[in-house]
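Subject: Structure for you to look at

Hello,

Here is the structure I said I would pass on. Please open it beside this message and follow along as you read.

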Amino acid sequence: MMLQYQLPEILCTPLQELCLHIKSLQLVALTDKSYMTGHHLCTLPLDPNIGKMFLMGSIFQCLNPALTIAVALAHRDPFVLPINKKEDADAVKRSFAGDSFK
């Protein structure tokens, strides 16, 4: 069933990124703390939640675990099957398995 009205654009846009870009333009009064985190988050080519994980990891001196988790969350699963190449993907998986599944 189709909707009677189109979904409003504000519901389709991630507001975190929009707010960060507004902060980076310095159109509104900001505290020093929010300016710094907003400024750094705007420069990262990531989802703001993952970028915040980077920043918090560096502040609390646990950057390596934060980077590992953030990278795992930011990228798609490497084992997603390519369309029309299931047999090739299975062969590659078997080559990685070695003797573990025989």
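**The chain as a whole**

Please keep in mind that this is a predicted model. The protein chain contains 6 helices and 0 strands, and along the sequence the pattern reads α-α-α-α-α-α. Of its 102 residues, 14% are buried. The accessible surface is about 9000 Å², and carbon and sulfur atoms account for 64% of that surface. If you take the contacts between residues at least 6 apart in sequence, 15% of them join residues at least 24 apart.

**Helix α4**

Helix α4 covers residues 48-59, which is 12 residues. From its first C-alpha to its last, α4 reaches 16 Å, close to the 16 Å expected at 1.5 Å a residue. The buried residues of α4 are Pro48, Ile50, Gly51, Phe54, Leu55 and Gly57. When you look at such a list, remember that an α-helix has 3.6 residues a turn, so residues three or four places apart point the same way.

**How α4 meets α5**

How do α4 and α5 lie relative to each other, roughly parallel or roughly antiparallel? Their axes come within 8 Å and cross at roughly 170°. Angles over 145 degrees count as roughly antiparallel, so α4 is roughly antiparallel to α5. On the α4 side, the contact is made by Ile50, Met53, Phe54, Gly57 and Ser58. On the α5 side, it is made by Leu63, Ala66, Leu67, Ile69, Ala70, Leu73 and Ala74. Sorted by class, this contact has 10 nonpolar residues, 2 polar residues and no charged ones.

**Gly57**

Gly57 is a residue of helix α4. Is Gly57 buried or exposed? Its relative accessible area is 3%, and buried means under 20%, so Gly57 counts as buried. Leaving out residues up to four places away in sequence, Gly57 touches Cys62, Leu63 and Ala66. Gly57 and Leu67 are 10 residues apart in sequence, and their C-alpha atoms are 7.7 Å apart in space.

**Gln61**

After α4 comes Gln61, which sits in the loop between α4 and α5, the latter being residues 63-74. Gln61 has a positive phi of about 55°, although it is not a glycine. Is Gln61 buried or exposed? Its relative accessibility is 75%, and exposed means over 50%, so Gln61 counts as exposed.

Regards

Key
Residues are numbered from 1 along each chain as its sequence is written. This is a predicted model: local features need pLDDT of at least 70, side-chain atom pairs count only at pLDDT 80 or more; totals for chains, interfaces and linings use all residues. Side-chain values use heavy atoms; hydrogens and water are left out. Helices (H or I, at least four residues) and strands (E, at least two) are DSSP runs, numbered from the N terminus. The expected span of a helix is 1.5 Å times one less than its number of residues. Buried means under 20% relative accessible area, exposed over 50%, partly exposed in between (1.4 Å probe, protein chains only). Axes are lines fitted to C-alpha atoms, for helices over the stretch in contact, and angles run from 0 to 180 degrees between N-to-C directions. Angles under 35 degrees count as roughly parallel, over 145 as roughly antiparallel, 65 to 115 as roughly perpendicular and the rest as oblique. Contact means heavy atoms within 4.5 Å. Ala, Val, Leu, Ile, Met, Phe, Trp, Tyr, Cys and Pro count as nonpolar, Asp, Glu, Lys and Arg as charged, and the others, Gly among them, as polar. Accessible areas come from the Shrake-Rupley method with a 1.4 Å probe; for residues, only the protein chains shown count as cover.
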